[in-house]
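I opened the model to look up a few places in turn. These are my notes, in the order I made them.

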Amino acid sequence: MSVIPIRWHDGGLKLIDQRLLPGESTEIHYDSVAAVADAIRDMVVRGAPAIGITAAFGVVLAARAHYAENPDNWRESIKDDLTMLAGARPTAINLLWAIERMRNCFADIEGDPLESLLAEAKAIHAEDIAANQRMGELGAGLIESGSSILTHCNAGALATGGYGTALGVIRSAVMAGKVEQVFADETRPWLQGARLTAWELLQDGIPVSLIAEGAASWLMHQGKVQWIVVGSDRIAANGDVANKIGTYQLAVSARHHGVKFMVVAPTSTVDMQVASGAEIPIETRTADELLKCGDKTVAAAGASAWNPVFDVTPAALVDAIVTEQGVVEKPDREKMLAMMQNV
Ligand code: MRU
């Protein structure tokens with residue numbers, strides 16, 4: 001595991017600015033919850049588990065400020081900040097999960113909350129890394145020797161506390177000597193695959209071949225890939241999976257071509273409050289992300305664009321959901337409920 005995207009240092013939060021990778025690896029220091037919410041919204045940090053961990057440290061910063069200003073009533077005065085933080089991005093449930101866990105933690109604190117909340121945020125971070133390592137082992141166990149794998153977006157160390165979900169499985173499968181070749185698709189428009197997944201894998205000495213997203217079905221048709229392995233931003237109670245836009249078309253094509261489809265996500269990404277994927281809010285971002293490439297306009301002047309950044313893959317197209325609690329094959333409501341009962 002080569003990269004730690006989030007760390008508490010010098011009384012504040014440090015985030016690697018993922019917008020600059022792979023050209024530049026720069027950390028930004030945060031000491032206010034408003035700035036942390038902006039960092040989440042503006043994609044300095046991205047990926048569901050990483051967003052959750054960042055939010056947990058954001059709650060620490062908020063509590064510190066409110067306690068300093070209003071030691072007798074800080075639990076009341078912090079509420080607006082938590083609402084603002086929760087609204088930074090809509091699809092990744094880890095954001096709300098982490099804020100809720102921090103809220104439960106501060107309910108019982110007497111006096112200065114800093115130490116207890118910081119310990120809780122660090123625990124959330126450490127548990128995420130441990131979950132990723134466990135999922136890595138479990139997911140790699142499903143992969144047959146000699147397989148080639150295609151992944152989408154970035155579900156690696158950068159998107160989590162460390163090690164990664166989908167990339168954790170790929171890392172573990174590579175270490176077990178099972179992987180013939182790793183493919184990553186570019187993942188337009190933010191290019192998380194080309195910029196982040198490729199960078200991470202190469203840092204670990206794992207060769208990676210990039211493909212345009214439009215090449216995925218043809219790759220499958222040629223028999224060049226046996227598994228699609230992806231992460232998730234939110235998994236519904238019936239096993240429907242929200243993930244980066246483009247995941248759904250990979251799952252449809254995988255089923256058509258007899259390629260297996262694995263989703264790797266910690267239980268903090270499972271939202272048993274939503275019955276199916278139809279209830280998951282899907283973030284739509286600015287059209288400029290499609291009309292421009294960086295600062296340069298590339299689309300024809302006058303073209304408009306629709307830019308949903310997540311989609312939902314129905315459970316019926318998923319061969320396995322891997323969490324730190326185990327593997328759910330052919331997920332459905334009953335199997336998800338049974339798995340979540342251990343959490
Ligand atoms: O818009 P992003 O980059 O935050 O989207 C990230 C993804 O969709 C990831 O695949 C998902 O969060 C899983 S990360 C372990």
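**Ground rules.** I am working on a predicted model, where local features need pLDDT of at least 70, side-chain atom pairs count only at pLDDT 80 or more, and totals for chains, interfaces and linings use all residues. Residues are numbered from 1 along each chain as its sequence is written, and side-chain values use heavy atoms, with hydrogens and water left out.

**Entry: the sheet of β1, β2 and β3.** I took helices (H or I, at least four residues) and strands (E, at least two) as DSSP runs, numbered from the N terminus. Two strands pair if DSSP finds at least two bridges between them. Three strands form an open antiparallel sheet in the order β1-β2-β3. β1 (6-9) and β3 (27-30) are the edge strands, each with a single partner, so one side of each has no neighbour in the sheet. From one strand to the next the twist averages 30 degrees. I counted 4 bridges between β1 and β2 (residues 12-16). I6 faces L15 of β2 across that pairing. Helix α2 (residues 48-69) packs on the sheet and touches β1, β2 and β3, with its direction at about 25 degrees to that of β1. For such angles, axes are lines fitted to C-alpha atoms, for helices over the stretch in contact, and the range is 0 to 180 degrees between N-to-C directions. Contact means heavy atoms within 4.5 Å.

**Entry: strand β7.** Is each face of β7 covered or open? Both faces of β7 (residues 227-230) are covered, with W227 and V229 buried on one side and I228 and V230 buried on the other. Buried means under 20% relative accessible area, exposed over 50%, and partly exposed in between (1.4 Å probe, protein chains only). In a regular strand the side chains alternate between the two faces of the sheet. β7 pairs in parallel with β4 (residues 147-151) over 3 bridges. T151 stands opposite V229 there. β7 also runs parallel to β10 (residues 260-264), joined by 4 bridges. V230 has V263 as its bridge partner in β10.

**Entry: helix α7.** Why do I call α7 (residues 166-175) largely enclosed? Because 8 of its 10 residues are buried. Among them are L167, V169, I170 and R171. Their cover includes α6 (114-140), β4, β5 (179-185), α8 (192-203), β7 and β10. G177 follows α7 and has a positive phi, near 75 degrees.

**Entry: the cavity.** I found 1 cavity of 30 Å³ or more. The largest cavity holds about 180 Å³ of space. It has 23 lining residues, and the closest to its centre are R46, G47, A48, N154 and D233. α2 and β9 (241-244) each supply at least two residues of that lining. On a 1 Å grid over the protein atoms alone, a cavity is a set of points where a 1.4 Å probe fits but cannot get out, and lining residues have an atom within 4 Å of a point. Grid points are joined across faces, edges and corners, and a volume is the space filled by probe spheres set on the points.

Entry: T323 sits in β15 (residues 320-323). T323 is buried, at 0% relative accessible area. Not counting residues up to four places away in sequence, T323 touches M135, L138, A265, P266, T267 and M339. Q273 lies in the loop between β11 (270-271) and α11 (288-291). Q273 counts as exposed, at 70% relative accessibility. Q273 and A236 are 37 residues apart in sequence, yet 7.6 Å apart in space, C-alpha to C-alpha.

Terms used. 1 Å grid on protein atoms, 1.4 Å probe; cavity = no way out; pocket = protein on both sides within 12 Å on 5 of 7 lines; lining within 4 Å.
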